[in-house]
Amino acid sequence: MLQTGDWTFVLNNLDYLLSGTAITVGLTIASLLLGLLVGFPAGAIEVYGDGIGKRLVSLAGVVLRGTPIVVIMLVLFFVVSISKSAFVTAAVGLGLRSAAYQSQIFRGALQSVDDGQMEAARAIGMGRLGGIRHVVVPQALRRSMPGFQNEFTIVLKDTSIAFAIGLAELLTRGYDLFTQSGRSTAVLEVFVVISAIYFVLTFTTNRGLDWLSEYYAIPSGENT
């Protein structure tokens with residue numbers, strides 16, 4: 001049952017939850033950017049590359065996608081020790097795992113562009129790299145937006161796994177709020193507020209990405 005006193009307790013500690021929200025948002029942005037910087041080239045290599053480079057990229061993707069994110073974080077923090085900062089380690093772990101999925105999003109988007117687009121680029125004097133850069137990639141980026149929206153939601157939720165290496169993001173702070181304060185009766189109220197925060201973050205970002213997707217949508221007939 002929801003109690004007035006528990007709601008008051010949650011509201012009085014809302015700043016504590018919001019500081020955790022800031023960490024969650026920062027971690028999500030950092031992870032997605034790293035995933036984009038690594039994932040797009042990886043997707044391009046899988047489409048246009050060959051030889052050992054393509055095989056290594058493909059293998060790395062399979063390993064990262066098949067390994068639980070909590071295992072990746074624990075290995076990076078306690079075994080490899082890439083940084084003493086839990087935030088940096090979590091961002092790298094989430095970023096690399098996101099890169100493995102984003103590479104497949106971009107790979108599919110690149111392959112969805114009709115071969116005639118590249119042929120047309122070559123016909124007007126563009127080289128292979130020029131055709132990929134100026135003709136194929138712009139269309140592929142537009143087509144990858146729906147997949148990127150889904151990846152954003154996944155990464156946002158997966159930031160909660162960072163508790164395993166001691167990072168006090170939103171969900172961890174919510175847990176600490178009712179366990180360390182002795183207010184076990186406020187469990188439901190705390191998680192209602194946390195769920196509302198996650199919903200607002202997901203909803204507003206997805207609506208923004210929807211707007212970008214429509215704004216940069218390929219005009220009718222452009223790819224025919």
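Asp210 is partly exposed, with a relative accessible area of 24%, where partly exposed denotes the range between buried (under 20% relative accessible area) and exposed (over 50%), as found with a 1.4 Å probe and protein chains only. The structure is a predicted model, in which local features need pLDDT of at least 70 and side-chain atom pairs count only at pLDDT 80 or more, whereas totals for chains, interfaces and linings use all residues. Residues are numbered from 1 along each chain as its sequence is written, and side-chain values use heavy atoms, with hydrogens and water left out.

The side chain of Asp210 meets that of Arg207 in a salt bridge, at 2.6 Å from N to O; a salt bridge is here a side-chain nitrogen of Lys or Arg within 4 Å of a carboxyl oxygen of Asp or Glu. Helices are DSSP runs of H or I with at least four residues, strands are runs of E with at least two, and both are numbered from the N terminus.

The search of the whole structure finds two salt bridges, and the other joins the side chains of Arg97 and Asp158 at 2.1 Å, N to O. Arg97 belongs to helix α5 (residues 86-112) and Asp158 to helix α8, so this pair ties together parts that are 61 residues apart in sequence. Both Arg97 and Asp158 are buried.

Helix α10 covers residues 187-215, and its 29 residues should span 42 Å at 1.5 Å a residue, which agrees with the 42 Å between its end C-alpha atoms; the expected span is 1.5 Å times one less than the number of residues. Among the buried residues of α10 are Glu189, Val190, Ile194, Tyr198, Leu201, Thr202 and Asn206.

A nonpolar core is a set of buried Ala, Val, Leu, Ile, Met, Phe, Trp, Tyr and Cys residues joined through side-chain atoms within 4.5 Å. The largest such core has 20 residues, of which Val10, Leu17, Leu170, Val190 and Ile194 touch the most other members. Two or more residues are given to this core by each of α1 (4-12), α2, α8, α9 and α10, and the largest share, seven residues, comes from α10. With neighbours within four places in sequence left aside, Val190 is in contact (heavy atoms within 4.5 Å) with Val10, Gly174, Leu177 and Phe178. Apart from this core lies another, of 13 residues, among them Met73, Ala86, Ala91 and Ala162.

Phe152, in helix α8 (residues 145-158), is buried, with a relative accessible area of 8%. Although Phe152 and Leu32 are 120 residues apart in sequence, their C-alpha atoms are 7.1 Å apart in space. Beyond four places in sequence, the contacts of Phe152 include Thr28 and Leu32, as well as Leu201, Thr202, Thr205 and Asn206. Thr159, in the loop between α8 and α9 (170-180), is buried at 0% relative accessibility, and its contacts outside four places in sequence include Thr24, Leu27, Thr28 and Tyr198.

Val79, by contrast, lies in helix α4 (residues 69-79) and counts as exposed at 64% relative accessibility. Leu36, in helix α2 (residues 14-48), is partly exposed, with a relative accessible area of 32%, and touches Pro41, Gln102 and Phe106 when residues up to four places away in sequence are not counted.
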